[in-house]
Amino acid sequence: MVGAEDPETFFETAPPLRDADAVRTKLQEFNARNSIISAGGVDRRPTVCVTSGGTTVPLEQRCVRYIDNFSSGHRGAASTEYFLKAGYAVIFLHRRGSCQPYCRFLPDDSFLKFLDVNEESKVQVAESHQTAVKESIWDYCKVGYGGGSLLKLQFTTIFEYLQLLRMVATSVSTVGQRGMFYLAAAVSDFYVPWDSMAKHKIQSAGGPPEMRLSQVPKMLAVLRDQWAPLAFCVSFKLETNSDILVQKADMALNKYKMNIVVANLLATYKEQVIIVTNGARNTVRRRNSDEDLEEQIIKLLAQKHSKYICGSQMDATRV
Ligand code: 9Z3
């Protein structure tokens, strides 16, 4: 593995986003839609950028093989629903094909299980799933789809993810200026730089390939220091060894000046997380199998975010 690259080199050498202009337009429209002009100036609804799913690291430019990161996107999708319910506008930056808000309960194998054909040969939702589907559609229309308060952006590779994150942070003032980043995506630590990557499919005839992975620049530091210094930043720390979890979360909190780090273990991440802030550690546990752990997490974060915004406004009036 070679040492950490600097962020500028990463972006200069990354393949440019194909649909950058279209994304920029969507972000501008979202920003305008969710900034309400009041008599006293611009009065913004709280906004959060939720990142979700794992980034890939391609091994070939015309990619056949890639390294992946563990994440179904369930946490990000569930959290998006609870943020919308709490009155937030949400940019849902997610891995293509990963779990989606309001569709978390669709069966993995076949959504046909949700459907029946009635006597008039019309397709309808099966009786057994009526309530779940009705509630999801209702919530989706009311707070998400219909209200214009949910913007979905997709990534697959680490190159796409970091370019999109930078665009959101630097061009959406409702997020960058005291909005929230909720960074639940599982982001690659190592990658193959584009210019040293094989162009075509690596051939097995040449024997086992040898490749050097480079370290992905520490973008949490760049997000905090350059892209969005005023944002309320929540990052996630995933470990497999419980002995080092809180210590690693503390390190991330201090090194990258995060407001909160949500620490979780691979073995128990669906059941409990530790919310690590400066000076406090709060374990949040799922109370029963009907409850989403994310409901409690978002409630807590929304409270802390709201205090953060109030504190910043007080500071501004004191100046
Ligand atoms: C997480 O720790 C998420 O909670 C999970 C959610 C990925 C475990 P699912 O999507 O899983 O519901 O299946 N996300 C952050 C993982 C990560 O890569 N964190 C980096 C680290 O731990 C910091 S960016 O070093």
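Tyr102 is found in the loop between β7 and β8 (115-117); helices (H or I, at least four residues) and strands (E, at least two) are DSSP runs, numbered from the N terminus. The model is predicted: local features need pLDDT of at least 70, side-chain atom pairs count only at pLDDT 80 or more, and totals for chains, interfaces and linings use all residues. Residues are numbered from 1 along each chain as its sequence is written. Tyr102 has a positive phi of about 70° although it is not a glycine. Most residues other than glycine have a negative phi. Tyr102 is buried, with 22 other C-beta atoms within 10 Å. Burial here requires 20 or more other C-beta atoms within 10 Å of a residue's own; 12 or fewer make a residue exposed, values in between make it partly exposed, and C-beta atoms are placed from the backbone.

Ser121 belongs to the loop between β8 and β9 (123-125). Ser121 counts as exposed because its C-beta neighbours inside 10 Å number 6.

An open sheet of 8 strands runs in the order β10-β7-β4-β11-β14-β15-β16-β17, with mixed pairing. Two strands are taken as paired if DSSP finds at least two bridges between them. β10 (150-155) and β17 (280-285) stand at the edges with a single partner strand each, so one side of each is left without a neighbour in the sheet. From one strand to the next, the twist averages 20°. Helix α3 (residues 74-85) packs on the sheet and touches β4, β7, β10 and β11 (180-183). The direction of α3 makes about 165° with that of β4. Axes are lines fitted to C-alpha atoms, for helices over the stretch in contact, and angles run from 0 to 180 degrees between N-to-C directions. Contact between two residues means that their C-beta atoms, placed from the backbone, lie within 7 Å.

Strand β4 (residues 47-52) and strand β7 (residues 89-95) run parallel and are joined by 6 bridges. In this pair, Ser52 of β4 stands opposite His94 in β7.

Ala263 stands opposite Ile274 in β16, and a hairpin of 6 residues joins β15 to β16. Strand β16 (residues 272-277) and β17 are antiparallel over 6 bridges. The hairpin formed by β16 and β17 has 2 residues between the strands. Gly279 in this turn has a positive phi of about 90°. Of the 6 residues of β17, the number buried is 0, so β17 lies largely in the open.

The largest nonpolar core has 68 residues. Such a core is a set of buried Ala, Val, Leu, Ile, Met, Phe, Trp, Tyr and Cys residues joined through C-beta atoms within 7 Å. Val90, Ile91, Leu93, Val168 and Val234 have the most contacts inside it. Helix α5 (residues 158-171) gives the most to this core, with 8 residues. Leu93 touches Cys49, Val50, Thr51, Ser52, Leu153, Phe155, Leu164, Leu165 and Val168, with residues up to four places away in sequence not counted.

Helix α7 (residues 219-227) has Met219, Val222, Leu223, Arg224 and Trp227 as its buried residues. Their cover includes α1 (7-13), α5, α6 (173-176), β11 and β14.

Ser235 lies in strand β14. Ser235 counts as buried, with 25 C-beta neighbours inside 10 Å. Ser235 and Leu183 are 52 residues apart along the chain, yet their C-alpha atoms are separated by 4.8 Å. Beyond four places in sequence, Ser235 touches Leu183, Leu220, Ala252, Tyr256, Met258 and Val261.

The ligand is surrounded by 15 residues, of which Ser72, His74, Arg75, Phe236 and Leu238 are the closest. A residue is near the molecule if its C-beta atom, placed from the backbone, lies within 6 Å of it. α3 and β14 (232-239) each supply at least two residues of this shell. β14 gives the most, with 4 residues. The shell divides into 7 nonpolar, 6 polar and 2 charged residues. Ala, Val, Leu, Ile, Met, Phe, Trp, Tyr, Cys and Pro count as nonpolar, Asp, Glu, Lys and Arg as charged, and the others, Gly among them, as polar.
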